[in-house]
Amino acid sequence: MNVRVSYRTRVILTFVIPWVVATLFSFWYLSYIQRVAGERNARRHLGIVSDMFATSVGSGLNDGDFTLVQKAFDWSMLDRNVVYICILDERNEMVYQSTTSPEMPIERMKHLSPGILRTESGLLSVTEVAPAGKQLGTVFLQYSLESVEQEIRSAQMTSIVVSLVVLLVGLLGTRLLIRQAGELDRARVEAERQATTVRMQAVDLASMNASLGRSNATLLDTQQELQRAHDELERRVEERTNELAAANAELHVNEGHLQLAMTAARMFPWKMDLATGTLVVSDEHLRGLGLATAERNALVSRIHPDDRPHVVEVFREAGRTGTPIAIEFRGMLGGDQIIWFAAYGRAMAGPDGSPVTIVGITMDITARKRAEETLRTSLREKDILLKEVHHRVKNNMQIISSLLFLQSSYVRDPYDVDLFRESQLRVKSMAMVHERLYRSEDLSSIEFSDYVRTIAEELLASYSRPGIGLVTQVDEVRFGVDIAIPCGLLITELVTNAIKHAFPEGRGGHIEIRGTCMDGIMQLTVQDDGVGYPAHVDFNGGETLGVTLIKGLADQLEGTIAVDRASGSRVVITFPLNRVSGEGEAIA
(Lines give C-alpha, C1' and ligand atoms only; values in the text may rest on other atoms or scores of the structure.)
Protein backbone atom coordinates (compact mmCIF):
# COMPACT_ATOMS: atom_id res chain seq x y z
CA MET A 1 0.00 0.00 0.00
CA ASN A 2 1.51 3.31 -1.17
CA VAL A 3 0.88 6.07 1.41
CA ARG A 4 1.81 9.61 0.43
CA VAL A 5 3.12 11.82 3.20
CA SER A 6 3.08 15.60 2.79
CA TYR A 7 6.28 17.60 2.91
CA ARG A 8 5.01 19.54 5.95
CA THR A 9 4.37 16.26 7.81
CA ARG A 10 7.82 15.01 6.93
CA VAL A 11 9.39 18.16 8.42
CA ILE A 12 7.35 17.83 11.62
CA LEU A 13 8.10 14.10 12.04
CA THR A 14 11.82 14.35 11.34
CA PHE A 15 12.66 17.62 13.14
CA VAL A 16 10.01 19.23 15.36
CA ILE A 17 8.80 16.19 17.36
CA PRO A 18 12.31 14.83 18.16
CA TRP A 19 13.37 18.36 19.17
CA VAL A 20 10.42 18.74 21.58
CA VAL A 21 10.87 15.23 23.03
CA ALA A 22 14.59 15.78 23.62
CA THR A 23 13.93 19.13 25.34
CA LEU A 24 11.26 17.68 27.68
CA PHE A 25 13.43 14.66 28.53
CA SER A 26 16.36 16.94 29.40
CA PHE A 27 14.11 19.01 31.70
CA TRP A 28 12.81 15.86 33.47
CA TYR A 29 16.25 14.30 33.84
CA LEU A 30 17.78 17.49 35.30
CA SER A 31 14.88 17.79 37.79
CA TYR A 32 15.33 14.15 38.85
CA ILE A 33 19.10 14.57 39.35
CA GLN A 34 18.54 17.77 41.39
CA ARG A 35 15.94 16.10 43.64
CA VAL A 36 18.11 13.03 44.30
CA ALA A 37 21.16 15.15 45.03
CA GLY A 38 19.17 17.50 47.32
CA GLU A 39 17.73 14.67 49.41
CA ARG A 40 21.14 12.92 49.64
CA ASN A 41 22.74 16.14 50.95
CA ALA A 42 19.87 16.62 53.40
CA ARG A 43 20.31 13.05 54.72
CA ARG A 44 24.07 13.59 55.13
CA HIS A 45 23.51 16.90 56.95
CA LEU A 46 20.80 15.42 59.20
CA GLY A 47 23.09 12.49 60.06
CA ILE A 48 25.86 14.85 61.19
CA VAL A 49 23.46 17.00 63.22
CA SER A 50 21.82 13.90 64.80
CA ASP A 51 25.18 12.37 65.81
CA MET A 52 26.42 15.65 67.32
CA PHE A 53 23.13 16.19 69.14
CA ALA A 54 23.04 12.56 70.44
CA THR A 55 26.68 12.86 71.64
CA SER A 56 25.92 16.10 73.54
CA VAL A 57 22.72 14.67 75.02
CA GLY A 58 24.53 11.47 76.00
CA SER A 59 27.24 13.43 77.80
CA GLY A 60 24.63 15.50 79.64
CA LEU A 61 22.52 12.50 80.64
CA ASN A 62 25.56 10.43 81.66
CA ASP A 63 26.97 13.23 83.87
CA GLY A 64 23.52 14.33 85.09
CA ASP A 65 24.19 17.77 83.57
CA PHE A 66 20.79 18.73 82.12
CA THR A 67 22.16 22.21 81.32
CA LEU A 68 24.34 20.58 78.64
CA VAL A 69 21.26 18.72 77.35
CA GLN A 70 19.33 22.00 77.18
CA LYS A 71 22.20 23.71 75.31
CA ALA A 72 22.34 20.87 72.79
CA PHE A 73 18.57 21.10 72.45
CA ASP A 74 18.73 24.90 71.81
CA TRP A 75 21.69 24.50 69.39
CA SER A 76 19.82 21.93 67.27
CA MET A 77 16.71 24.11 67.09
CA LEU A 78 18.85 26.90 65.56
CA ASP A 79 18.93 24.88 62.33
CA ARG A 80 15.93 26.24 60.43
CA ASN A 81 15.34 22.86 58.79
CA VAL A 82 14.95 21.06 62.16
CA VAL A 83 11.22 21.45 62.94
CA TYR A 84 10.79 19.02 65.86
CA ILE A 85 13.07 17.47 68.54
CA CYS A 86 12.16 14.83 71.10
CA ILE A 87 14.41 13.18 73.76
CA LEU A 88 13.33 9.95 75.50
CA ASP A 89 15.18 8.28 78.38
CA GLU A 90 16.01 4.56 78.61
CA ARG A 91 12.41 3.89 79.87
CA ASN A 92 10.93 5.63 76.77
CA GLU A 93 9.68 8.50 78.96
CA MET A 94 9.78 12.09 77.69
CA VAL A 95 12.76 14.21 78.76
CA TYR A 96 12.59 17.14 76.33
CA GLN A 97 10.26 17.99 73.46
CA SER A 98 10.03 21.01 71.20
CA THR A 99 6.85 23.09 71.15
CA THR A 100 6.07 22.07 67.59
CA SER A 101 3.88 19.03 66.83
CA PRO A 102 5.48 15.83 65.49
CA GLU A 103 4.41 14.49 62.14
CA MET A 104 4.22 10.95 63.60
CA PRO A 105 2.57 10.02 66.99
CA ILE A 106 5.05 9.61 69.87
CA GLU A 107 3.82 6.05 70.63
CA ARG A 108 4.61 4.99 67.09
CA MET A 109 8.03 6.73 67.13
CA LYS A 110 9.01 4.71 70.23
CA HIS A 111 8.98 1.49 68.13
CA LEU A 112 11.19 2.80 65.29
CA SER A 113 14.66 1.41 64.70
CA PRO A 114 17.70 3.75 64.67
CA GLY A 115 18.38 5.42 61.33
CA ILE A 116 17.01 8.10 59.01
CA LEU A 117 13.46 7.51 57.74
CA ARG A 118 11.59 9.25 54.94
CA THR A 119 8.26 10.78 56.00
CA GLU A 120 5.55 12.57 54.04
CA SER A 121 7.00 16.07 54.51
CA GLY A 122 10.66 15.42 55.30
CA LEU A 123 13.12 13.15 57.14
CA LEU A 124 12.99 11.65 60.66
CA SER A 125 16.28 10.78 62.43
CA VAL A 126 16.20 8.13 65.18
CA THR A 127 19.50 7.99 67.15
CA GLU A 128 20.26 6.00 70.28
CA VAL A 129 22.04 7.83 73.11
CA ALA A 130 24.63 5.30 74.29
CA PRO A 131 27.91 6.83 75.48
CA ALA A 132 30.54 4.20 76.22
CA GLY A 133 28.04 1.48 75.26
CA LYS A 134 25.57 2.51 77.99
CA GLN A 135 21.98 2.90 76.71
CA LEU A 136 20.58 6.20 78.07
CA GLY A 137 17.74 6.96 75.69
CA THR A 138 16.78 7.94 72.17
CA VAL A 139 16.62 11.27 70.33
CA PHE A 140 14.30 12.06 67.42
CA LEU A 141 14.89 14.95 64.94
CA GLN A 142 12.23 15.87 62.36
CA TYR A 143 13.99 17.50 59.39
CA SER A 144 12.00 19.56 56.87
CA LEU A 145 12.84 19.33 53.16
CA GLU A 146 11.05 22.61 52.39
CA SER A 147 14.31 24.48 51.63
CA VAL A 148 15.48 21.61 49.40
CA GLU A 149 12.13 21.69 47.61
CA GLN A 150 12.50 25.48 47.12
CA GLU A 151 15.96 25.03 45.58
CA ILE A 152 14.62 22.28 43.31
CA ARG A 153 11.67 24.47 42.24
CA SER A 154 14.03 27.37 41.53
CA ALA A 155 16.28 25.13 39.44
CA GLN A 156 13.24 23.73 37.64
CA MET A 157 12.04 27.23 36.75
CA THR A 158 15.48 28.01 35.32
CA SER A 159 15.42 24.77 33.32
CA ILE A 160 11.92 25.58 32.04
CA VAL A 161 12.98 29.04 30.86
CA VAL A 162 16.09 27.66 29.11
CA SER A 163 14.06 24.82 27.52
CA LEU A 164 11.40 27.25 26.29
CA VAL A 165 14.04 29.51 24.76
CA VAL A 166 15.70 26.58 22.99
CA LEU A 167 12.34 25.25 21.86
CA LEU A 168 11.26 28.68 20.57
CA VAL A 169 14.46 29.07 18.56
CA GLY A 170 13.96 25.63 17.04
CA LEU A 171 10.35 26.34 16.18
CA LEU A 172 11.24 29.65 14.50
CA GLY A 173 13.87 27.85 12.44
CA THR A 174 11.40 25.18 11.33
CA ARG A 175 8.63 27.65 10.54
CA LEU A 176 10.31 28.63 7.26
CA LEU A 177 10.79 24.96 6.32
CA ILE A 178 7.13 24.19 7.08
CA ARG A 179 5.95 27.18 4.97
CA GLN A 180 7.99 26.04 1.95
CA ALA A 181 6.82 22.45 2.45
CA GLY A 182 3.21 23.66 2.54
CA GLU A 183 3.58 25.37 -0.85
CA LEU A 184 4.98 22.13 -2.32
CA ASP A 185 2.07 20.16 -0.82
CA ARG A 186 -0.53 22.51 -2.33
CA ALA A 187 1.06 22.23 -5.78
CA ARG A 188 1.14 18.45 -5.58
CA VAL A 189 -2.48 18.25 -4.40
CA GLU A 190 -3.69 20.44 -7.28
CA ALA A 191 -1.89 18.25 -9.86
CA GLU A 192 -3.35 15.09 -8.31
CA ARG A 193 -6.84 16.63 -8.27
CA GLN A 194 -6.73 17.41 -12.00
CA ALA A 195 -5.50 13.90 -12.83
CA THR A 196 -8.23 12.36 -10.69
CA THR A 197 -10.93 14.42 -12.44
CA VAL A 198 -9.87 13.10 -15.81
CA ARG A 199 -9.85 9.50 -14.58
CA MET A 200 -13.29 9.87 -13.00
CA GLN A 201 -14.82 11.19 -16.20
CA ALA A 202 -13.54 8.16 -18.10
CA VAL A 203 -14.79 5.81 -15.41
CA ASP A 204 -18.23 7.45 -15.39
CA LEU A 205 -18.70 6.85 -19.11
CA ALA A 206 -17.83 3.16 -18.70
CA SER A 207 -20.06 2.83 -15.65
CA MET A 208 -23.08 4.29 -17.47
CA ASN A 209 -22.78 1.70 -20.26
CA ALA A 210 -22.43 -1.17 -17.75
CA SER A 211 -25.29 0.09 -15.58
CA LEU A 212 -27.77 0.01 -18.49
CA GLY A 213 -27.05 -3.69 -19.00
CA ARG A 214 -27.32 -4.46 -15.32
CA SER A 215 -30.64 -2.61 -14.98
CA ASN A 216 -32.31 -4.88 -17.53
CA ALA A 217 -31.08 -8.00 -15.75
CA THR A 218 -32.13 -6.59 -12.37
CA LEU A 219 -35.70 -6.04 -13.53
CA LEU A 220 -36.04 -9.70 -14.50
CA ASP A 221 -34.50 -10.84 -11.19
CA THR A 222 -36.84 -8.54 -9.21
CA GLN A 223 -39.95 -9.95 -10.84
CA GLN A 224 -38.86 -13.49 -10.04
CA GLU A 225 -38.01 -12.53 -6.42
CA LEU A 226 -41.42 -10.92 -5.91
CA GLN A 227 -43.16 -14.07 -7.07
CA ARG A 228 -41.12 -16.22 -4.67
CA ALA A 229 -41.82 -13.80 -1.80
CA HIS A 230 -45.56 -13.95 -2.52
CA ASP A 231 -45.53 -17.76 -2.41
CA GLU A 232 -43.50 -17.76 0.84
CA LEU A 233 -45.87 -15.26 2.47
CA GLU A 234 -48.89 -17.41 1.71
CA ARG A 235 -47.16 -20.46 3.18
CA ARG A 236 -46.20 -18.61 6.40
CA VAL A 237 -49.71 -17.19 6.83
CA GLU A 238 -51.12 -20.71 6.67
CA GLU A 239 -48.55 -22.01 9.19
CA ARG A 240 -49.22 -19.09 11.57
CA THR A 241 -52.94 -19.67 11.38
CA ASN A 242 -52.48 -23.30 12.39
CA GLU A 243 -50.13 -22.30 15.28
CA LEU A 244 -52.66 -19.75 16.60
CA ALA A 245 -55.42 -22.34 16.52
CA ALA A 246 -53.28 -24.80 18.48
CA ALA A 247 -52.24 -22.06 20.96
CA ASN A 248 -55.87 -21.04 21.50
CA ALA A 249 -56.80 -24.66 22.24
CA GLU A 250 -53.89 -25.04 24.72
CA LEU A 251 -54.79 -21.69 26.33
CA HIS A 252 -58.35 -22.87 26.81
CA VAL A 253 -57.07 -26.04 28.55
CA ASN A 254 -54.67 -23.98 30.76
CA GLU A 255 -57.49 -21.64 31.71
CA GLY A 256 -59.49 -24.65 32.82
CA HIS A 257 -56.56 -25.93 34.90
CA LEU A 258 -56.01 -22.47 36.45
CA GLN A 259 -59.68 -22.17 37.29
CA LEU A 260 -59.64 -25.58 38.98
CA ALA A 261 -56.48 -24.69 40.95
CA MET A 262 -57.90 -21.34 42.09
CA THR A 263 -61.18 -22.97 43.09
CA ALA A 264 -59.33 -25.66 45.10
CA ALA A 265 -57.20 -22.97 46.82
CA ARG A 266 -60.29 -20.76 47.30
CA MET A 267 -58.72 -17.94 45.29
CA PHE A 268 -61.14 -15.58 43.50
CA PRO A 269 -60.02 -13.16 40.75
CA TRP A 270 -61.56 -9.68 40.46
CA LYS A 271 -61.18 -6.43 38.55
CA MET A 272 -62.23 -2.87 39.43
CA ASP A 273 -62.88 -0.09 36.90
CA LEU A 274 -61.60 3.11 38.55
CA ALA A 275 -63.63 5.37 36.27
CA THR A 276 -67.01 3.81 37.10
CA GLY A 277 -66.19 2.09 40.38
CA THR A 278 -67.57 -1.20 39.00
CA LEU A 279 -66.19 -4.35 40.61
CA VAL A 280 -66.17 -7.47 38.43
CA VAL A 281 -65.92 -10.74 40.38
CA SER A 282 -66.41 -14.42 39.57
CA ASP A 283 -69.53 -16.38 40.46
CA GLU A 284 -67.43 -18.59 42.79
CA HIS A 285 -66.46 -15.48 44.76
CA LEU A 286 -70.09 -14.49 45.15
CA ARG A 287 -71.09 -17.97 46.26
CA GLY A 288 -68.22 -18.02 48.78
CA LEU A 289 -69.72 -14.91 50.36
CA GLY A 290 -73.23 -16.33 50.30
CA LEU A 291 -74.43 -13.88 47.59
CA ALA A 292 -76.44 -14.49 44.46
CA THR A 293 -75.22 -13.38 41.03
CA ALA A 294 -77.60 -10.44 41.09
CA GLU A 295 -76.07 -9.17 44.40
CA ARG A 296 -72.68 -8.12 43.01
CA ASN A 297 -73.11 -4.53 44.27
CA ALA A 298 -73.51 -5.79 47.87
CA LEU A 299 -69.91 -6.99 48.17
CA VAL A 300 -68.74 -4.01 50.25
CA SER A 301 -71.55 -4.59 52.75
CA ARG A 302 -70.18 -8.10 53.39
CA ILE A 303 -66.89 -6.66 54.75
CA HIS A 304 -66.76 -6.53 58.55
CA PRO A 305 -67.73 -3.02 59.77
CA ASP A 306 -64.49 -2.68 61.76
CA ASP A 307 -62.35 -3.46 58.66
CA ARG A 308 -64.45 -1.71 56.01
CA PRO A 309 -62.96 1.84 56.31
CA HIS A 310 -59.39 0.52 56.07
CA VAL A 311 -60.18 -1.66 53.03
CA VAL A 312 -61.88 1.24 51.22
CA GLU A 313 -58.92 3.55 51.97
CA VAL A 314 -56.39 0.98 50.65
CA PHE A 315 -58.28 0.65 47.36
CA ARG A 316 -58.54 4.44 47.01
CA GLU A 317 -54.82 4.88 47.63
CA ALA A 318 -54.07 2.23 44.98
CA GLY A 319 -56.29 4.06 42.52
CA ARG A 320 -54.57 7.40 43.21
CA THR A 321 -50.91 6.40 43.36
CA GLY A 322 -50.74 2.88 41.89
CA THR A 323 -49.60 1.40 45.24
CA PRO A 324 -49.84 -2.44 45.20
CA ILE A 325 -52.60 -3.92 47.36
CA ALA A 326 -51.79 -6.47 50.05
CA ILE A 327 -54.37 -6.54 52.84
CA GLU A 328 -56.14 -8.99 55.16
CA PHE A 329 -59.70 -8.37 56.34
CA ARG A 330 -62.76 -10.11 57.72
CA GLY A 331 -65.98 -10.87 55.84
CA MET A 332 -69.42 -11.77 57.18
CA LEU A 333 -71.55 -14.66 55.97
CA GLY A 334 -75.10 -15.35 56.87
CA GLY A 335 -75.79 -15.79 60.57
CA ASP A 336 -72.88 -13.49 61.58
CA GLN A 337 -70.31 -16.12 60.59
CA ILE A 338 -66.82 -14.57 60.24
CA ILE A 339 -64.55 -15.53 57.33
CA TRP A 340 -61.01 -14.16 56.75
CA PHE A 341 -59.78 -12.95 53.34
CA ALA A 342 -56.42 -11.82 51.94
CA ALA A 343 -56.59 -9.51 48.91
CA TYR A 344 -53.65 -8.83 46.57
CA GLY A 345 -53.80 -6.55 43.55
CA ARG A 346 -52.10 -3.85 41.53
CA ALA A 347 -53.17 -0.90 39.40
CA MET A 348 -52.99 -1.13 35.59
CA ALA A 349 -52.03 2.13 33.86
CA GLY A 350 -53.69 3.57 30.74
CA PRO A 351 -52.02 5.23 27.73
CA ASP A 352 -51.33 8.40 29.73
CA GLY A 353 -49.63 6.45 32.56
CA SER A 354 -52.39 7.01 35.16
CA PRO A 355 -54.18 4.01 36.80
CA VAL A 356 -57.42 3.00 35.06
CA THR A 357 -58.16 -0.44 36.54
CA ILE A 358 -57.13 -2.57 39.50
CA VAL A 359 -56.81 -6.33 39.04
CA GLY A 360 -56.15 -8.90 41.74
CA ILE A 361 -57.22 -12.00 43.61
CA THR A 362 -58.87 -12.69 46.96
CA MET A 363 -57.92 -15.76 49.04
CA ASP A 364 -59.93 -17.45 51.77
CA ILE A 365 -57.44 -17.62 54.69
CA THR A 366 -59.90 -18.59 57.42
CA ALA A 367 -58.22 -21.96 57.99
CA ARG A 368 -54.78 -20.31 58.27
CA LYS A 369 -56.05 -17.72 60.76
CA ARG A 370 -57.63 -20.42 62.91
CA ALA A 371 -54.37 -22.42 62.81
CA GLU A 372 -52.40 -19.31 63.84
CA GLU A 373 -54.74 -18.68 66.76
CA THR A 374 -54.44 -22.33 67.85
CA LEU A 375 -50.63 -22.05 67.65
CA ARG A 376 -50.56 -18.84 69.69
CA THR A 377 -52.78 -20.46 72.35
CA SER A 378 -50.48 -23.49 72.46
CA LEU A 379 -47.38 -21.27 72.83
CA ARG A 380 -48.98 -19.35 75.70
CA GLU A 381 -49.79 -22.63 77.45
CA LYS A 382 -46.21 -23.87 76.97
CA ASP A 383 -44.81 -20.59 78.35
CA ILE A 384 -47.00 -20.98 81.45
CA LEU A 385 -45.85 -24.58 81.93
CA LEU A 386 -42.19 -23.61 81.51
CA LYS A 387 -42.54 -20.79 84.04
CA GLU A 388 -44.11 -23.26 86.47
CA VAL A 389 -41.18 -25.69 85.94
CA HIS A 390 -38.60 -22.94 86.66
CA HIS A 391 -40.64 -21.83 89.70
CA ARG A 392 -40.80 -25.33 91.13
CA VAL A 393 -37.10 -26.01 90.49
CA LYS A 394 -36.27 -22.73 92.23
CA ASN A 395 -38.50 -23.64 95.21
CA ASN A 396 -36.95 -27.11 95.49
CA MET A 397 -33.43 -25.67 95.48
CA GLN A 398 -34.43 -23.12 98.12
CA ILE A 399 -35.74 -25.99 100.26
CA ILE A 400 -32.41 -27.80 99.84
CA SER A 401 -30.56 -24.59 100.78
CA SER A 402 -32.76 -24.17 103.86
CA LEU A 403 -32.20 -27.79 104.88
CA LEU A 404 -28.44 -27.32 104.59
CA PHE A 405 -28.69 -24.17 106.71
CA LEU A 406 -30.79 -25.93 109.39
CA GLN A 407 -28.46 -28.92 109.41
CA SER A 408 -25.41 -26.68 109.80
CA SER A 409 -26.87 -25.29 113.04
CA TYR A 410 -26.43 -28.72 114.61
CA VAL A 411 -22.79 -29.01 113.53
CA ARG A 412 -20.11 -27.90 116.01
CA ASP A 413 -16.96 -28.32 113.94
CA PRO A 414 -16.19 -24.96 112.17
CA TYR A 415 -14.70 -26.82 109.21
CA ASP A 416 -17.92 -28.83 108.75
CA VAL A 417 -20.03 -25.65 109.15
CA ASP A 418 -17.98 -24.05 106.39
CA LEU A 419 -18.61 -27.05 104.12
CA PHE A 420 -22.37 -26.74 104.69
CA ARG A 421 -22.21 -23.00 103.93
CA GLU A 422 -20.31 -23.58 100.67
CA SER A 423 -22.82 -26.21 99.56
CA GLN A 424 -25.67 -23.84 100.46
CA LEU A 425 -24.10 -21.05 98.36
CA ARG A 426 -23.66 -23.39 95.38
CA VAL A 427 -27.34 -24.36 95.53
CA LYS A 428 -28.32 -20.69 95.82
CA SER A 429 -26.34 -19.78 92.68
CA MET A 430 -28.20 -22.48 90.70
CA ALA A 431 -31.59 -21.54 92.18
CA MET A 432 -30.98 -17.91 91.22
CA VAL A 433 -30.83 -18.88 87.51
CA HIS A 434 -34.27 -20.53 87.64
CA GLU A 435 -35.71 -17.64 89.64
CA ARG A 436 -34.58 -15.12 87.00
CA LEU A 437 -35.92 -17.30 84.17
CA TYR A 438 -39.26 -17.52 86.03
CA ARG A 439 -39.47 -13.72 86.39
CA SER A 440 -38.19 -12.94 82.87
CA GLU A 441 -40.24 -12.50 79.72
CA ASP A 442 -37.60 -14.53 77.87
CA LEU A 443 -37.78 -18.05 79.31
CA SER A 444 -34.68 -19.30 77.45
CA SER A 445 -31.95 -16.98 78.79
CA ILE A 446 -31.05 -14.54 81.58
CA GLU A 447 -29.10 -11.27 81.64
CA PHE A 448 -25.64 -12.44 82.76
CA SER A 449 -24.11 -9.22 84.13
CA ASP A 450 -26.92 -8.65 86.65
CA TYR A 451 -26.77 -12.34 87.65
CA VAL A 452 -23.01 -12.14 88.35
CA ARG A 453 -23.37 -8.97 90.41
CA THR A 454 -26.16 -10.52 92.55
CA ILE A 455 -24.17 -13.73 93.20
CA ALA A 456 -21.06 -11.77 94.25
CA GLU A 457 -23.03 -9.50 96.61
CA GLU A 458 -24.79 -12.52 98.18
CA LEU A 459 -21.42 -14.23 98.79
CA LEU A 460 -19.87 -11.12 100.34
CA ALA A 461 -22.90 -10.63 102.59
CA SER A 462 -22.93 -14.28 103.73
CA TYR A 463 -19.33 -14.09 105.04
CA SER A 464 -19.80 -10.65 106.71
CA ARG A 465 -16.51 -9.14 105.46
CA PRO A 466 -17.19 -5.36 105.23
CA GLY A 467 -13.51 -4.60 104.62
CA ILE A 468 -13.54 -6.31 101.22
CA GLY A 469 -14.59 -4.19 98.23
CA LEU A 470 -16.34 -5.71 95.21
CA VAL A 471 -16.15 -4.56 91.56
CA THR A 472 -18.08 -6.28 88.74
CA GLN A 473 -17.74 -5.33 85.09
CA VAL A 474 -19.43 -7.84 82.75
CA ASP A 475 -20.58 -7.27 79.17
CA GLU A 476 -24.33 -7.25 78.60
CA VAL A 477 -24.97 -10.74 77.24
CA ARG A 478 -27.76 -13.26 77.70
CA PHE A 479 -26.99 -16.89 78.54
CA GLY A 480 -29.16 -20.00 78.67
CA VAL A 481 -29.23 -22.45 81.56
CA ASP A 482 -26.44 -24.59 80.05
CA ILE A 483 -23.95 -21.71 80.34
CA ALA A 484 -25.38 -19.61 83.20
CA ILE A 485 -25.33 -22.38 85.85
CA PRO A 486 -21.67 -23.52 85.26
CA CYS A 487 -20.54 -19.86 85.14
CA GLY A 488 -22.45 -19.10 88.36
CA LEU A 489 -20.84 -22.05 90.12
CA LEU A 490 -17.38 -20.99 88.87
CA ILE A 491 -17.87 -17.46 90.22
CA THR A 492 -19.18 -18.88 93.52
CA GLU A 493 -16.08 -21.07 93.98
CA LEU A 494 -13.55 -18.41 92.94
CA VAL A 495 -15.10 -15.56 94.99
CA THR A 496 -15.55 -17.86 98.03
CA ASN A 497 -11.86 -18.84 97.86
CA ALA A 498 -10.87 -15.15 97.63
CA ILE A 499 -13.02 -14.17 100.63
CA LYS A 500 -11.80 -17.07 102.79
CA HIS A 501 -8.11 -17.25 101.89
CA ALA A 502 -6.93 -14.07 100.12
CA PHE A 503 -7.49 -11.72 103.08
CA PRO A 504 -6.47 -13.51 106.31
CA GLU A 505 -6.86 -12.07 109.83
CA GLY A 506 -9.55 -9.56 108.81
CA ARG A 507 -7.34 -7.91 106.21
CA GLY A 508 -9.16 -5.64 103.70
CA GLY A 509 -8.86 -5.61 99.93
CA HIS A 510 -10.73 -5.77 96.65
CA ILE A 511 -12.24 -8.54 94.52
CA GLU A 512 -12.83 -7.79 90.86
CA ILE A 513 -15.01 -9.82 88.45
CA ARG A 514 -14.80 -9.13 84.73
CA GLY A 515 -16.51 -10.76 81.75
CA THR A 516 -15.86 -9.88 78.11
CA CYS A 517 -17.48 -11.41 75.05
CA MET A 518 -15.84 -10.93 71.64
CA ASP A 519 -16.02 -12.92 68.38
CA GLY A 520 -17.86 -15.83 69.99
CA ILE A 521 -15.32 -16.15 72.87
CA MET A 522 -16.23 -15.47 76.52
CA GLN A 523 -13.44 -14.56 78.97
CA LEU A 524 -14.36 -14.68 82.68
CA THR A 525 -11.81 -13.17 85.12
CA VAL A 526 -11.83 -13.20 88.95
CA GLN A 527 -8.91 -11.44 90.62
CA ASP A 528 -8.02 -10.03 94.05
CA ASP A 529 -5.17 -8.09 95.64
CA GLY A 530 -4.74 -10.51 98.55
CA VAL A 531 -1.98 -12.94 99.46
CA GLY A 532 -2.52 -15.08 96.32
CA TYR A 533 -2.84 -18.81 95.76
CA PRO A 534 -0.06 -21.01 97.17
CA ALA A 535 2.37 -22.39 94.60
CA HIS A 536 1.26 -26.00 95.21
CA VAL A 537 -2.39 -25.32 94.18
CA ASP A 538 -2.84 -26.80 90.69
CA PHE A 539 -6.12 -26.07 88.94
CA ASN A 540 -5.48 -28.86 86.43
CA GLY A 541 -5.38 -31.51 89.16
CA GLY A 542 -7.99 -31.33 91.92
CA GLU A 543 -6.61 -31.43 95.47
CA THR A 544 -9.80 -30.01 97.04
CA LEU A 545 -13.48 -30.12 96.17
CA GLY A 546 -13.42 -26.46 95.11
CA VAL A 547 -10.48 -26.91 92.73
CA THR A 548 -12.05 -30.12 91.35
CA LEU A 549 -15.32 -28.26 90.74
CA ILE A 550 -13.54 -25.40 88.96
CA LYS A 551 -11.66 -27.83 86.68
CA GLY A 552 -14.81 -29.88 85.96
CA LEU A 553 -16.98 -26.82 85.23
CA ALA A 554 -14.32 -25.36 82.87
CA ASP A 555 -14.17 -28.70 81.02
CA GLN A 556 -17.96 -28.72 80.79
CA LEU A 557 -17.77 -25.32 79.04
CA GLU A 558 -14.92 -26.63 76.85
CA GLY A 559 -12.76 -23.83 78.25
CA THR A 560 -9.26 -23.25 79.56
CA ILE A 561 -7.98 -22.02 82.94
CA ALA A 562 -5.08 -19.56 83.34
CA VAL A 563 -3.74 -18.55 86.79
CA ASP A 564 -1.55 -15.51 87.56
CA ARG A 565 0.03 -15.37 91.05
CA ALA A 566 2.19 -12.24 90.43
CA SER A 567 0.25 -9.79 92.62
CA GLY A 568 -2.61 -11.32 94.53
CA SER A 569 -4.38 -13.95 92.44
CA ARG A 570 -5.96 -13.76 89.01
CA VAL A 571 -7.91 -16.66 87.43
CA VAL A 572 -9.00 -16.36 83.78
CA ILE A 573 -11.43 -18.90 82.30
CA THR A 574 -11.88 -18.68 78.52
CA PHE A 575 -14.50 -20.72 76.65
CA PRO A 576 -16.20 -20.59 73.22
CA LEU A 577 -19.91 -19.79 73.10
CA ASN A 578 -20.60 -21.58 69.80
CA ARG A 579 -19.47 -24.99 71.16
CA VAL A 580 -21.84 -25.00 74.12
CA SER A 581 -25.57 -25.71 73.94
CA GLY A 582 -27.57 -22.63 74.91
CA GLU A 583 -25.21 -20.30 73.07
CA GLY A 584 -24.98 -16.76 74.48
CA GLU A 585 -26.29 -13.85 72.51
CA ALA A 586 -24.91 -10.32 72.85
CA ILE A 587 -27.47 -7.59 73.52
CA ALA A 588 -27.40 -4.87 70.84
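1. Let me start with the overall picture: buried residues make up 33% of the 588 residues in this protein, where buried means under 20% relative accessible area, exposed means over 50%, and partly exposed lies in between (1.4 Å probe, protein chains only). Please keep in mind that this is a predicted model, in which local features need pLDDT of at least 70 and side-chain atom pairs count only at pLDDT 80 or more, while totals for chains, interfaces and linings use all residues. Residues are numbered from 1 along each chain as its sequence is written, and side-chain values use heavy atoms, with hydrogens and water left out.

2. The secondary structure comes to 11 helices and 18 strands; these are DSSP runs numbered from the N terminus, with helices (H or I) of at least four residues and strands (E) of at least two. Of the contacts with a separation of 6 or more, 59% are between residues 24 or more positions apart, a contact being heavy atoms within 4.5 Å.

3. In soluble globular proteins, nonpolar side chains tend to be buried together.

4. Not counting residues up to four places away in sequence, Phe 539 touches Leu 494, Tyr 533, Val 547, Ile 550, Lys 551, Ile 561, Val 563 and Val 571.

5. On cavities, the count comes to two of 30 Å³ or more. A cavity is a set of points, on a 1 Å grid over the protein atoms alone, where a 1.4 Å probe fits but cannot get out, and lining residues have an atom within 4 Å of a point. Grid points are joined across faces, edges and corners, and a volume is the space filled by probe spheres set on the points. The second largest cavity has a volume of about 40 Å³.

6. Leu 494, Ala 498, Val 526, Asp 528, Tyr 533, Ser 569 and Val 571 line that second largest cavity, with H10, E15 and E17 each giving two or more residues to the lining. The lining divides into five nonpolar residues, one polar and one charged.

7. What about the cysteines? The structure holds zero disulfides, a disulfide being a pair of cysteine sulfur atoms within 2.5 Å. Cys 86 is buried, at 0% relative accessibility, and Cys 517 is partly exposed, with a relative accessible area of 23%.

8. Ser 449 is found in helix H9 and counts as buried, because its relative accessibility is 10%. Leaving aside neighbours within four places in sequence, Ser 449 is in contact with Val 474, Asp 475 and Glu 476.

9. Finally, two backbone spots to look at. Asp 519 is not a glycine, yet has a positive phi of about 55°; Asp 519 is found in the loop between E14 and E15 and is exposed at 74% relative accessibility. Glu 558, also not a glycine, has a positive phi of about 60°. Glu 558 sits in the loop between H11 and strand E16 (560–564) and is partly exposed at 43% relative accessibility.

Technical notes. On a 1 Å grid over the protein atoms alone, a cavity is a set of points where a 1.4 Å probe fits but cannot get out, and a pocket is an open set with protein on both sides within 12 Å along at least five of seven lines; lining residues have an atom within 4 Å of a point. Ala, Val, Leu, Ile, Met, Phe, Trp, Tyr, Cys and Pro count as nonpolar, Asp, Glu, Lys and Arg as charged, and the others, Gly among them, as polar.
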